[in-house]
Amino acid sequence: MTEVRPAAAAPASLWERDEEVAAVVRAIETLAADKGSSGSLLMIRAEAGFGKTALLAETRRIAEARGCTVWSARGGETLRSVPFNVVRQLLQPVLMSLMPEEAREYLGDWYDIAGPALGLTEPGERQADPQGVTDGLVAAVRRLARRDWPLVLLVDDAHWADQETLRWLAAFAERLDDLSVLVVVARRPGEVTGESARLLDNVAATAGSPATTLSALTPDATAGLTRATLGEHADAAFCREVWAVTAGNPYEAVELLAKVQDSELEPSEGAAGELRALNRSARGGGLVARLEELGIDATRFAWAAAILGTGISVRLVAKLATLRHDDAVRCAELLCSARILTAPDPANGPADEGDLEFVHPLIATAVYNSIPPALCTAMHGIAAQVVTDSGLGAAAAARHLLQVHPDDDEELVEQLREAARDHLAVGAPDAARRCLERALLEPPQPEVHARVLFELGCATLLTAPARTVDHLQTALAMPGLDGDERVDAVVRLSQALLDNDQLEEAVRTVEAEAARHEAGPARLRLQAVQYMWEGIHAGEATSPGRSERLAELARTCTGRDNAERALLMLRGFDAMTHGESAEEVVDLCDRALVNGRLAPGLGWTDTEWGVELLLMLANAYAYTDRLDRADALYTDALRAYESAGWSGGHLALAHAYVGLGHRRRGRLREAETSLRESLRLAERVGRGLPLYWSATCNLVDTLLARGHVQEAWAIAEQYGFAPPYPSTIVLPDPRSVRGRLLLAVGRTKDGINELEAAEKAAGVRGHHNPVLVPWAVDLARALATEDPGRAARLVTDVRRHAERLGTDTAIGEALRCAAALETGQRAVRLAAQAVAYLEASPCQYEHAAARVEYGILARSVAELNRGLALARSCGADGLVAQARTVLETGRGLR
């Protein structure tokens, strides 16, 4: 801050802001110089009144002077509960310039996902995925930004931005590397806690430089400002008192000097004593007293404007303040003359459908806080009605309804429930939660109380499973939920318990509810859910004899409804894990389909059953060599989630299992790509969840198959692929994969211990599918030298289980392992048999490995070359290197 006086054209609030303005100029010049340059973000932090808004206005002026497009928005203290409020403001300029068909063209596939959040289109009937909506908004802004380069985005008062906007802003800021956009965010330090604070910290972390912190004016700058405003004759003592009274706060200094001008006070040492009184009239209680001096009508007008917060039009304020239009116009003029309200500055972006705004957020806060509490509550109630009558809908009125005192109002409960549904439909579950929690305080009538709790539980299912458990348990303990609605609530409760790592309680919950029902569809559905949760449990069976009872129940199922189809899927998966006949497994799974496809109500985005059931079906096919059917289901899941905009955990799982399908087929490069994307998505959802393990385990397994051992180890270390393991099943078995990893990096003893732990865990669950839980083949190879007897017994067991399963892959892999433990011509014969089986298998990596091993044992150049070609096509670099080394040395080959 080397200069005291700003440029002549700059506003008073820019005094001593030369360095900050210079940083803005550099950023804008970099942006405008090259369309291919990376984007950047500037974070401005300052206390209230220190000139954040003025600096953003100067940024706009500089940017527009250099030919940039500028979009701007600001948070509002009373508007934090309005989802997507700030991002909608930000996009108003471009959205208003587009016809609906143009907007659809620009946004493409994201139109139906992001459109409802932006108010472009009506939401669908299904609850939107919040992460998907965030990703849709990121994609939408990125596409629109490319049209308007060079583009500058300004976000003022970000500490008051709604959480949904902050979630978008944090995600957008992370992707500025390949988008030439300048983002400037201004916020106060503090002012925000919890998730919003975390998101703002994430935004700041993406900036290339530390946040700019605006400081108070120095005495010299305050003196310069004073003389520039009042005249050079203002004496030093008077200027010094201006600084002392305002503590160098630029806004307060400007307001105080305006009061000095209005009062025609002489800027001399003798008059300096009057400055403190003048300053009090410009803020807090002094401002309120000054407002009251304007009369009761003007006070009511200002109060009504503060209640509205945004979209302050004379028409709406008149309705809310119960003023005649002429009186309202007169009050608006008075308040503008008193520097309380002002017309929106076009330089700061489009007005939010209003004629007026407060001169400064500090004034808005002071006016709002001056409203008597009872009157404030009543005015919010009236404002809700005014907003509703204006046709803006329940969601727009909700922020006012949240402020109304509870009063047994049935209509208010219904309005809040409607607003919650609207919020869920656009991907704002936190806003829905606030509405439903407020509805419970009313309270609802006894006949609807349980339904409100049920709706609240559904709203928090994705974000707070522990809360969901409490809400749904309370709802089920009171009257009001009957029939299918009660069954839905029990299933949702069990899902929440599962997500909250309370699997055994989830099982007991549906089991107890099933016992309350007579035989029929409802009971069958509950039994299916019970078996589903038990089926994904990785530990000891929660219910002895479960597999036998499931088999008995499924034996009578013909697939006539979805409950029966679910039981057939569950039985097929259970039989697959136990290593029963693959043909029987496939028959069970096929009977669960309708003309080879999922039945209506059992789709990937249907919520009645959940994703776990369909993954069981797909995996039953995958581990019985029906990879064509498994791949079709995995791909359908990916397409369904992408089309619906579900880009959280569901999409992460879909990519993980698409990757698993590629891995099983031997398309290792494609598998790695899918699994890295799965892991990226899983990181956003949170570590420790089953989907996170699915991505990590499959990626480690794929890298080992590729021969990238050190990279596999690095992934395991980075992402915590080590005990303790999750309580739900992960495919393939993580203990088996980690055991193989430890062997590969030379930690033989640790690897054997891990594989023996896998043996024990599989035995407890009765999991004997040697492809699904492949610990035995790796353990046999590891023990071949130190304990050949045990290794031979393991191979015998593997072959027995493989023949029981009956797939080419299982038998071929068992024969490969047997060949590795033999020598001479017996080893060659076993390797040849392995090749024959694996050639018929859809698993090409295993076929390639068998070819290379057979070529080495048989000393056959032809077989090695065939194995080399297969390994190259799979992307199995380790196998390629092994085959090439043998071929290049040529020892003993023929």
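This is a predicted model: local features need pLDDT of at least 70, side-chain atom pairs count only at pLDDT 80 or more; totals for chains, interfaces and linings use all residues.

Reader: Where does Asn85 sit?
Author: Asn85 is in helix H3, residues 85-97.

Reader: And what does Asn85 touch, leaving out residues up to four places away in sequence?
Author: Leu79, Asp162 and Thr165.

Reader: Next, Ser180. Buried or exposed?
Author: Buried, because its relative accessibility is 7% and the cut-off for buried is under 20%.

Reader: Which loop holds Ser180?
Author: The one between helix H7 (163-173) and strand E4 (181-187).

Reader: What polar contacts does the side chain of Ser180 make?
Author: One goes to the side chain of Ser37, at 3.0 Å. Another joins Ser180 to the side chain of Trp149, at 3.2 Å. Beyond four places in sequence, Ser180 also touches other residues, among them Leu31, Asp34 and Leu151.

Reader: Switching to H43. How many residues, and what reach?
Author: Helix H43 covers residues 861-874, 14 residues. From first C-alpha to last, H43 reaches 20 Å, close to the 20 Å expected.

Reader: Which residues of H43 are buried?
Author: Glu863, Leu864, Gly867, Leu868, Leu870, Ala871 and Cys874. In an α-helix, residues three or four places apart point the same way, because there are 3.6 residues a turn.

Reader: What do the buried residues of H43 pack against?
Author: Helices H33 (668-685), H42 (844-858) and H44 (877-889). Just after H43, Gly875 takes a positive phi of about 85 degrees.

Reader: Where is Glu264, and is it buried or exposed?
Author: Glu264 is in the loop between helix H11 (250-263) and helix H12 (275-280). It is exposed, at 71%.

Reader: And Asn595: buried or exposed?
Author: Exposed, at 76% relative accessibility. Asn595 lies in the loop between helix H29 (582-591) and helix H30 (611-622).

Reader: Where are the cis peptide bonds?
Author: One joins Glu442 and Pro443, with omega about -10 degrees. Pro443 is in the loop between helices H21 (429-441) and H22 (446-460). The bond from Pro723 to Pro724 is cis too, with omega near 0 degrees.

Reader: Last one. What does UniProt put on residues 493-520?
Author: The unreviewed entry annotates a "coiled-coil region" there. In the model, residues 493-520 are 71% helix and 0% strand, with end C-alpha atoms 21 Å apart.

Key. Residues are numbered from 1 along each chain as its sequence is written. Side-chain values use heavy atoms; hydrogens and water are left out. Helices (H or I, at least four residues) and strands (E, at least two) are DSSP runs, numbered from the N terminus. Contact means heavy atoms within 4.5 Å. Buried means under 20% relative accessible area, exposed over 50%, partly exposed in between (1.4 Å probe, protein chains only). A polar contact is a pair of N or O atoms within 3.5 Å; within protein, one must be able to donate a hydrogen and the other to accept it, and residues adjacent in sequence count only if both atoms are side-chain atoms. The expected span of a helix is 1.5 Å times one less than its number of residues. UniProt positions are given in the numbering used here, feature names are shortened, and annotations may be inferred rather than shown by experiment.
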